[in-house]
Amino acid sequence: SSVAISTSSSVATSSSSSVKTSSSVSSASSSAVGGGKCQYIVSNEWNTGFTATIRVTNNGTTAINGWNLSWSYSDGSAVTSSWNATVTGSNPYSATNLGWNSAIQPGQSAEFGVQGTKGGSSAQVPVITGNVCN
C-alpha cells in the first residue's frame, strides 16, 4: 500500500480579530474493497488549546462496519474531551465508533471531534492509523 501526505492551510479572522488557522494531513491509499482514508483536521486553535475533527471516508466498494483509530502527539499536546466516538488512552489515543456511526457506506464519511491543550505554539497534526486507514 502507498501513503500520500498532503497539507493545506487557510486563514480566517474572527470577530475578536484574532487569527485562526486550519490545517490537515491525510494518510491514505486505495484498496478495491474496504479502502478508507483517515484525516485529522485542526478546526480551531487558540493560545493554549485546539479542537480537531477526525474524518474517516470510505473509498472502497463495500461498507465499513466498525472502525478503530489511533494517534499520538509528539509535542506534549493532550486531548481533554471528545464527541461522536469513544476516545481512550493518554498518548497514544484510541478512538472507536459509537453504535450509530459504525457503518460507513462507500463514498460516505464519519467524523468525530476532540478538544485539547496544545503542547507547542501551534496545534500539531498527527498521523491517524487504524483498521480502516488503508
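This is a short chat about a predicted model of a protein.

Colleague: What does the secondary structure come to?
Modeller: The protein has 0 helices and 12 strands. From the N terminus on, the elements run β-β-β-β-β-β-β-β-β-β-β-β.

Colleague: Which share of the contacts links residues 24 or more positions apart?
Modeller: Counting contacts with a separation of 6 or more, the share is 63%.

Colleague: And how many residues are there, and what percentage is buried?
Modeller: There are 134 residues, and 37% of them are buried. The accessible surface comes to about 6,700 Å². Carbon and sulfur atoms hold 48% of that surface.

Colleague: Now the core. How many residues does the largest nonpolar core have?
Modeller: That core has 24 residues. Those with the most contacts inside it are Tyr-40, Leu-69, Trp-71, Phe-112 and Val-114.

Colleague: Which elements give two or more residues to this core?
Modeller: Strands E3 (36-45), E4 (49-58), E6 (68-71), E9 (93-96) and E11 (109-117) do. The largest share comes from E4, with 4 residues.

Colleague: Take Leu-69. What does Leu-69 touch?
Modeller: Leaving out residues up to four places away in sequence, Leu-69 touches a list that includes Cys-38, Ile-54, Val-56, Tyr-93, Ala-95 and Phe-112. Ile-128, Val-132 and Cys-133 are also among the residues touched by Leu-69.

Colleague: Switching to rings. How many aromatic pairs are there?
Modeller: The count is 6.

Colleague: Why is the pair of Tyr-40 and Tyr-73 edge-to-face?
Modeller: Because the planes of the Tyr-40 and Tyr-73 rings stand at 75 degrees, and over 60 counts as edge-to-face. The ring centres are 6.3 Å apart.

Colleague: Where do those two sit in the chain?
Modeller: Tyr-40 is in strand E3, and Tyr-73 is in the loop between E6 and strand E7 (78-83).

Colleague: Are Tyr-40 and Tyr-73 buried or exposed?
Modeller: Tyr-40 is buried, at 0% relative accessible area. Tyr-73 is buried too, at 4%.

Colleague: What about Trp-71 and Tyr-93?
Modeller: Trp-71 and Tyr-93 form a stacked pair, 5.8 Å centre to centre with 25 degrees between the planes. Trp-71 lies in strand E6 and Tyr-93 in strand E9, 22 residues apart. Trp-71 is buried at 3% relative accessibility, and Tyr-93 is buried at 5%.

Colleague: Which residues do ring pairs link into a cluster?
Modeller: Tyr-40, Phe-50, Trp-67, Trp-71, Tyr-73, Tyr-93 and Phe-112.

Colleague: New topic: Thr-53. Why does Thr-53 count as buried?
Modeller: Because its relative accessible area is 18%, and buried means under 20%. Thr-53 is in strand E4.

Colleague: What does the side chain of Thr-53 make a polar contact with?
Modeller: With the side chain of Ser-43, at 3.0 Å. Beyond neighbours within four places in sequence, Thr-53 is in contact with residues including Gln-39, Tyr-40, Ile-41, Glu-111 and Phe-112.

Colleague: Last one, Gln-105. Where is Gln-105?
Modeller: Gln-105 is in the loop between strand E10 (103-104) and E11. At 43% relative accessibility, Gln-105 is partly exposed.

Colleague: What is Gln-105 in contact with?
Modeller: Leaving aside neighbours within four places in sequence, Gln-105 is in contact with Asn-58 and Ala-63.

Colleague: And how far is Gln-105 from Asn-65?
Modeller: Gln-105 and Asn-65 are 40 residues apart in sequence, and 8.7 Å apart in space, C-alpha to C-alpha.

Technical notes. Residues numbered from 1 in each chain as written. Predicted model: local features only at pLDDT ≥ 70, side-chain atom pairs only at ≥ 80, totals over all residues. Heavy atoms only, no water. Buried < 20%, exposed > 50% of the residue type's maximum accessible area, 1.4 Å probe, protein only. Contact = heavy atoms within 4.5 Å. Areas by Shrake-Rupley, 256 points an atom, 1.4 Å probe, with all protein chains shown as cover. Core = buried A, V, L, I, M, F, W, Y, C linked by side-chain atoms within 4.5 Å. Phe/Tyr/Trp six-rings, centres within 6.5 Å; stacked < 30°, edge-to-face > 60°. Polar contact = N/O pair within 3.5 Å; in protein donor to acceptor, adjacent residues only side chain to side chain.
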